[in-house]
Number of protein chains: 2
Amino acid sequence: MSFDRRTLFTASAAAALAPALPALAQNQAQGAAAPSPATPFQAPGFYRFRLGGRVVTVVNDGFGRRPNPAQGFVRNAEPAAVEAALRGAFMPTAHLDIPYTVTVLETPQGLVLFDTGTGGQLGATAGNIPANLRAAGLAPEQVTLIVMTHFHGDHITGLTDAEGKPVFANAEIVVPEPEWAFWMDEGEASRAPEAMKGAFANVRRRFAPYQARIRRIAPGAEVAPGIRSIATFGHTPGHTSYLLADGDAQVMILGDVTNHPTFNLENPGWHLIFDMDAPMAEATRRRLFDQVATDRVRCVGYHFPFPANGHVVKEGSGYRLVPAPWSSAI
Amino acid sequence: MSFDRRTLFTASAAAALAPALPALAQNQAQGAAAPSPATPFQAPGFYRFRLGGRVVTVVNDGFGRRPNPAQGFVRNAEPAAVEAALRGAFMPTAHLDIPYTVTVLETPQGLVLFDTGTGGQLGATAGNIPANLRAAGLAPEQVTLIVMTHFHGDHITGLTDAEGKPVFANAEIVVPEPEWAFWMDEGEASRAPEAMKGAFANVRRRFAPYQARIRRIAPGAEVAPGIRSIATFGHTPGHTSYLLADGDAQVMILGDVTNHPTFNLENPGWHLIFDMDAPMAEATRRRLFDQVATDRVRCVGYHFPFPANGHVVKEGSGYRLVPAPWSSAI
């Protein structure tokens, strides 16, 4: 048993070696309907699993593509080290596709949504939340509570459409108090470097139509039954994760405690340019990952590859994601 | 930052601690549509990725549940070792859900299908191929070639419906010559232990309506352009994998070189009761996994968790599956 793709499996060699398809199959193919959709489409990006007696649905928004992730994306790693990590994960080195996945907790009081995605306003490769919610049998009007991890654009922009109209007509918004305090502070906004001014403006713009229904919560607060806020500051000043529980079952909504797992789950010491206080972000992630690894708590990562959930194990000087197995049963 | 699920997150404690949902959200929930589907449903189980210029679609059939996988499922491992492996993979120890995933290669001559699934005739938790093909925009009539890895029931039963009628009206069937020779041999059938007689009968029954369109291929044969058979005997006498290629891109259709990766991908020395010649199956799997790990060939495993594809890396005394990241783009 041996195969050598260089000699045997170039397209031309394969064609030369291969017998023609038998006449039967060829004739039948011509008689059959078109062999495949003209434009191949992907399965809808939602996935359901149980949390005790509740149902969690993760919903994919698509991804953002970052060119040259080995250059300038990690502040404190050599390009060669980043490229080696990418190759080790069988990922391309020319670009990094960063997925976005929001989480929906179905409750008798309505849907609870964790973060909102890009709203289709941050690039053509994302904006699939409305279609994927619909495919899952869910609608924005059913969302009665939106819980925010932090105020970066890929998490809050989906609050409104491009005209600033609120997407979630019936939702109360829960925000971490320190996150709100930072971004809404006019001093912080005016002192922000030029490159950050858009982010401050975006925060004001996206929350504006929800003004009357924003609830600020303190670190450690119980947001709703079975939803507890966990302070995970560093990525942003008030970045917050959420521990969902039903009976003994638990799921941690990580938010951006790590970006793509190949980056600072496997390399918790890497400081990504998105981390606003990188040393604090690193300390937070090590503390949280130690805890979820020890307690075997299932995690959902906003930037994990879809369906974006699994368990964290300690490995070497970092951690590894063990993706939860997909099941056709819920 | 600390959390203790035992004290804080029992359902009753959570309810006692939690503030009631604010009136706004409650009123709006009552006014909104039903918060979630009455019976939560799962996303359709298909997934597409590119192989060079071609498109591969993996299609999930569901799973079979085996109770007590630590007892009698692995011939040469202690129950405690099997349980430890399951716990290490965050899997239950009381049962093992073994997924089934067929592969479709879309070609200008029609669809090429690798194995057929259970046809909904081997238990209530499987039989999703027709619905998932439909969700993917594909139909059984478009299948012009079916390529079999081996003749175990979960791979061939989907060839016909319960009445023995062929499901794939336009398909030629490719079978490995040594697999056909073994199962169709009347001496082998008559000498088979009682527990195996049903398997021999099933082979005859499923292939019967395709008699005039069966092509037997030798190990190493080119089945069709870009589809090469790779002898991987052991699991069954003629078990065969297939290497798909388009240009430099390659995908190995493993079949049952390993069952669930937690079993003999991570523990290649474990002999599962389904392996008909377990020492040969072990030698085959070590040889094949060494090769795909070295050559970095993407693999599809029939019993891998959906979407059932990824890369194999050597780790310790065995191997580890690195699942390919799901992408909303194809």
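A residue counts as buried if 20 or more other C-beta atoms lie within 10 Å of its own, as exposed if 12 or fewer do, and as partly exposed in between, with C-beta atoms placed from the backbone. Seven of the seven residues of strand β10 (residues 240-246) of chain A are buried in this sense, so the strand is largely enclosed by the rest of the structure; strands (E, at least two residues) and helices (H or I, at least four) are DSSP runs, numbered from the N terminus. This is a predicted model, in which local features need pLDDT of at least 70 and side-chain atom pairs count only at pLDDT 80 or more, whereas totals for chains, interfaces and linings use all residues. Residues are numbered from 1 along each chain as its sequence is written, and chains are lettered from A and ligands numbered from 1 in the order in which they are written.

**Confidence**

- The predictor gives the complex an ipTM of 0.88 and a pTM of 0.89.
- Chain A averages a pLDDT (the predictor's confidence in each residue, from 0 to 100) of 90, and 88% of its residues score at least 70.
- Over residues 1-36 of chain A, pLDDT stays under 50, and the model has 65 contacts beyond four places in sequence for them, a contact being two residues whose C-beta atoms, placed from the backbone, lie within 7 Å.
- Where pLDDT is low, the predicted coordinates should not be read in detail.

**Strand β10 of chain A and its partners**

- Both faces of β10(A) are covered, with A:Thr240, A:Tyr242, A:Leu244 and A:Asp246 buried on one side and A:Ser241, A:Leu243 and A:Ala245 buried on the other.
- Strand β9 (residues 227-231) of chain A runs antiparallel to β10(A) and is joined to it by five bridges, strands being paired if DSSP finds at least two bridges between them; A:Ile227 has A:Leu244 as its bridge partner in β10(A).
- Five bridges also join β10(A) to the antiparallel strand β11 (residues 249-255) of chain A, where A:Val251 stands opposite A:Leu244.
- The hairpin of β10(A) and β11(A) has two residues between the strands, and A:Gly247 takes a positive phi near 60° in it.

- Seven strands of chain B form an open sheet with mixed pairing, in the order β1-β2-β3-β4-β5-β6-β7.
- Strands β1 (46-51) and β7 (214-217) of chain B stand at the edges with a single partner strand each, so one side of each is left without a neighbour in the sheet.
- Helix α7 (residues 177-184) of chain B packs on the sheet, touching β6 (172-176) and β7 of chain B, and its direction makes about 85° with that of β6(B); axes are lines fitted to C-alpha atoms, for helices over the stretch in contact, and angles run from 0 to 180 degrees between N-to-C directions.
- The buried residues of α7(B) are B:Glu179, B:Phe182 and B:Trp183.
- These residues cover an arc of only 85° around the axis, which puts them on the same side of α7(B), the arc being that of the directions from the helix axis to the C-beta atoms.

**Strand β11 of chain B**

- Six of the seven residues of β11 (residues 249-255) of chain B are buried, and the strand is mostly covered.
- β11(B) pairs with β10(B) in the antiparallel sense over five bridges, and four bridges join β11(B) to the parallel strand β12 (residues 298-301) of chain B.
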